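Student: I'd like a close look at one part of this model, and I'd rather have one connected walk-through than a list. Could you pick a helix, take it apart, and then show me where the open space sits?

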Amino acid sequence: MIFPLNKYLINVMLINLIVFISGYALLFQLGYISGIPNSFNVLQFDAKYYLSIRNNGYTFLPEQGCSLAFFPLFPYVWKITVLQPLGISIFNSLLFYVSFYLLICRKQISPGIILILISAPSFVFFMLPYSEAFFFFFGTLLLNGLEKKNKLLTIIGIFGCSLVKPVTVLFVPAILLCELIINNKLEKIQWRYTLLQIFTALAGLFFATTVQAIQTGKWFYSFTIQKYWNRHWLIPKFPLTTFDSPRVLGIDAVAFTIGILALLVSVKWIIQCVFGNSEDEKEIQSNPQVVFSTLFICGTMLLDVLFTFNISDSTNIWSLNRHLFCNPFFICFTIWLLTEKRNSKLDILLFVLTATIGFFITGLYVFPRLAIYFVVFFLSCYLAFRFKEKWLLQIPLYLFNIILIINFYAEFIVGKWLG
């Protein structure tokens with residue numbers, strides 16, 4: 001069986017779903033949150049653009065943001081399903097749960113780690129009319145293909161991801177570097193298969209932009225349009241900030257720090273390849289899905305930090321938490337970091353140092369309440385690594401996550417931006 005039945009994992013996932021629904025209902029009854037999701041209030045921000053594509057196709061609006069920033073797979077599948085906004089939100093939730101299961105069903109992971117992963121506050125976007133659930137699904141196929149050396153599954157995953165989001169700019173260098181790191185030498189790279197993966201990513205981009213061009217006459221406009229959302233290259237100014245920092249800087253700071261960790265790991269691997277001194281060569285070669293995930297997380301962080309704009313003379317890392325967390329690559333990287341990587345004392349020291357730098361470089365110390373979440377998150381990660389069998393140590397972070405994701409969902413449906 002390609003994907004075995006893992007009743008233990010299913011039970012943990014069901015517990016999380018029950019806790020979320022019960023927690024939302026309880027907080028609503030107590031008056032701490034307002035609003036019940038419906039087909040009107042889930043249509044906030046990007047969801048309106050996806051609905052527009054679903055109903056009317058792509059439209060070009062000169063010198064302003066428009067639907068051409070979004071890729072076609074999700075809105076056109078939505079159109080085929082004939083579901084209302086709330087219906088597609090439920091569909092997305094189910095798709096995410098199925099994908100999450102397919103991603104980790106073969107792994108032996110403590111229930112505490114499963115719970116803190118599946119309850120990440122940014123996962124609120126899997127319960128909305130957004131494309132994140134579709135991207136998670138195809139990303140899961142990609143990672144399973146890499147892990148099992150199933151070329152067809154890998155190609156389907158790459159093509160599907162490239163039809164959901166404009167990630168080709170991240171996939172192409174990640175594919176090349178992944179092959180270089182795994183094989184350690186240029187002459188060992190399977191160039192035919194590597195070029196096939198790159199061609200597939202480019203084909204997905206070309207197919208998506210062709211759909212847009214047929215309807216609007218604009219080719220590759222999804223990149224040009226970014227400037228109308230103030231996305232442009234800059235040299236970062238510190239401390240980093242985000243939209244509505246008192247509400248969401250904590251989760252963006254966590255995302256930034258994880259991105260820095262992925263960057264350090266990626267640089268270490270590349271240096272080892274260049275100088276031919278790969279201490280982790282066997283571990284790397286047996287985990288191509290981890291290498292690809294690490295490179296993707298690293299690239300996402302760099303892109304969101306270097307391709308944005310400034311607020312009050314600080315660089316804005318808006319949406320970093322959604323871009324970095326809402327994909328299977330984050331799950332794969334985190335599981336490897338906490339349960340599979342052979343960490344030395346130097347690695348642990350580097351982890352603590354990176355978390356400390358992330359804390360100060362984002363200016364999180366200005367917001368004590370958000371700083372508590374940051375500290376609890378990384379303390380729980382350390383405890384999960386250090387005491388793998390004592391999974392109850394992760395329960396405080398899980399409860400923190402549940403409260404945040406419920407609050408984020410309730411805020412989203414009343415029109416408050418999250419990421």
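This is a predicted model: local features need pLDDT of at least 70, side-chain atom pairs count only at pLDDT 80 or more; totals for chains, interfaces and linings use all residues.

Tutor: Let's start with α16, whose buried residues are Asp 347, Phe 351, Thr 354, Ala 355, Gly 358 and Phe 359.

What do the buried residues of α16 pack against? Their partners are α11, residues 245–275, and α17, residues 368–386.

As for the geometry, α16 runs over residues 345–361, which makes 17 residues. From first C-alpha to last, α16 reaches 24 Å, close to the 24 Å expected at 1.5 Å a residue. Just after the helix, Gly 363 takes a positive phi of about 65 degrees.

Now for the open space. The largest pocket holds about 930 Å³. It is lined by 35 residues, and the closest to its centre are Ala 69, Pro 166, Gln 226, Arg 231 and His 323. The elements that each give two or more residues to this lining are α2 (46–56), α6 (132–148), α8 (168–183), α10 (221–224), α13 (288–306) and α14 (320–325). Of these, α13 supplies the largest share, four residues. Sorted by class, the lining of the largest pocket comes to 22 nonpolar, seven polar and six charged residues.

The second largest pocket has a volume of about 410 Å³. Fifteen residues line it, and Phe 20, Ile 21, Ser 93, Met 127 and Tyr 409 are the closest to its centre. Helices α1 (7–29) and α4 (85–104) each supply at least two residues of that lining, and α4 gives the most, with six. How many charged residues does the lining of the second largest pocket have? There are none: this lining has 13 nonpolar and two polar residues.

Notes
Residues are numbered from 1 along each chain as its sequence is written. Side-chain values use heavy atoms; hydrogens and water are left out. On a 1 Å grid over the protein atoms alone, a cavity is a set of points where a 1.4 Å probe fits but cannot get out, and a pocket is an open set with protein on both sides within 12 Å along at least five of seven lines; lining residues have an atom within 4 Å of a point. Grid points are joined across faces, edges and corners, and a volume is the space filled by probe spheres set on the points. Ala, Val, Leu, Ile, Met, Phe, Trp, Tyr, Cys and Pro count as nonpolar, Asp, Glu, Lys and Arg as charged, and the others, Gly among them, as polar. The expected span of a helix is 1.5 Å times one less than its number of residues. Buried means under 20% relative accessible area, exposed over 50%, partly exposed in between (1.4 Å probe, protein chains only). Contact means heavy atoms within 4.5 Å.
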